[in-house]
Amino acid sequence: MNSHSQNGKRVSQDDALQDAELLRLISHGNQQAFSQLYLRYQPQLVRYYARMLRNDLPQTADLVDEALFDVWRSAGKFAGRSKPSTWIYTITRNKVVSW
């Protein structure tokens with residue numbers, strides 16, 4: 001099993017395939033798939049934003065929710081040219097840059 005590090009967490013090819021499938025299901029409106037993806041990424045994104053926002057936790061929580069809802073709205077645009085985690089973190093980074 002091949003894996004790489006994503007923000008200090010090991011991400012395997014199996015995880016990437018599972019995330020891609022979740023994004024496919026989300027693009028068809030599957031709320032359970034979104035819940036799974038949300039629970040998988042929310043803790044990582046909280047840490048990411050908290051570092052960037054110097055532990056402003058209320059703002060961190062708002063931005064995490066906004067970024068993950070952007071993932072919900074954009075799931076159909078995931079083309080598989082990158083790993084799902086890279087795509088999600090790009091949305092996340094763009095959200096904080098535009099904030």
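A50 sits in helix α2, where helices (H or I, at least four residues) and strands (E, at least two) are DSSP runs numbered from the N terminus. With a relative accessible area of 8%, A50 is buried, a word that stands here for under 20% relative accessible area, while exposed stands for over 50% and partly exposed for what lies in between, calculated with a 1.4 Å probe and protein chains only. Once its neighbours within four places in sequence are left aside, A50 is in contact with N55, L57 and T60, contact being defined as heavy atoms within 4.5 Å. The C-alpha atom of A50 is separated by 9.9 Å from that of V64, which is 14 residues away along the chain.

This is a predicted model, in which local features need pLDDT of at least 70 and side-chain atom pairs count only at pLDDT 80 or more, whereas totals for chains, interfaces and linings use all residues. Residues are numbered from 1 along each chain as its sequence is written, and side-chain values use heavy atoms, with hydrogens and water left out. The pLDDT, which is the predictor's confidence in each residue on a scale from 0 to 100, has a mean of 89 over the chain, and 88% of the residues reach 70 or more. Over residues 1-8, however, the pLDDT is below 50, and this stretch has 19 contacts in the model beyond near neighbours in sequence.

The chain contains four helices and two strands, and along the sequence these follow the pattern β-β-α-α-α-α. Of the 99 residues, 37% are buried, and of the contacts between residues at least 6 apart in sequence, 57% join residues at least 24 apart. The chain exposes about 6000 Å², of which carbon and sulfur atoms supply 49%, the areas coming from the Shrake-Rupley method with a 1.4 Å probe and, for residues, with only the protein chains shown counting as cover.

The loop between α2 and α3 comes next, and L53 is one of the residues that lie in it. L53 counts as buried at 13% relative accessibility, and, not counting residues up to four places away in sequence, L53 touches Q59, T60, L63, V96 and W99. L53 and V96 are 43 residues apart in sequence, yet their C-alpha atoms are 9.0 Å apart in space. R54 is placed in this loop too, but R54 counts as exposed, at 75% relative accessibility, and N55, also of the loop between α2 and α3, is exposed with a relative accessible area of 57%. Most residues other than glycine have a negative phi. Against that background, R54 has a positive phi of about 55° although it is not a glycine, and N55 likewise has a positive phi, of about 65°.

Which residues touch the most other members of the largest nonpolar core? They are L23, L37, Y49 and V71, in a core of 23 residues, where a nonpolar core is a set of buried Ala, Val, Leu, Ile, Met, Phe, Trp, Tyr and Cys residues joined through side-chain atoms within 4.5 Å. The elements that give two or more residues to this core are α1 (13-27), α2 (31-52), α3 and α4, and α2 gives the most, with seven residues. In soluble globular proteins, nonpolar side chains tend to be buried together. Apart from neighbours within four places in sequence, Y49 is in contact with T60, L63, V64, A67, T92, K95 and V96.

Beyond its neighbours within four places in sequence, D70 is in contact with I91 and K95.

The 15 residues of α4 (residues 84-98) should span 21 Å at 1.5 Å a residue, and the end C-alpha atoms are 21 Å apart, which agrees; the expected span is 1.5 Å times one less than the number of residues.
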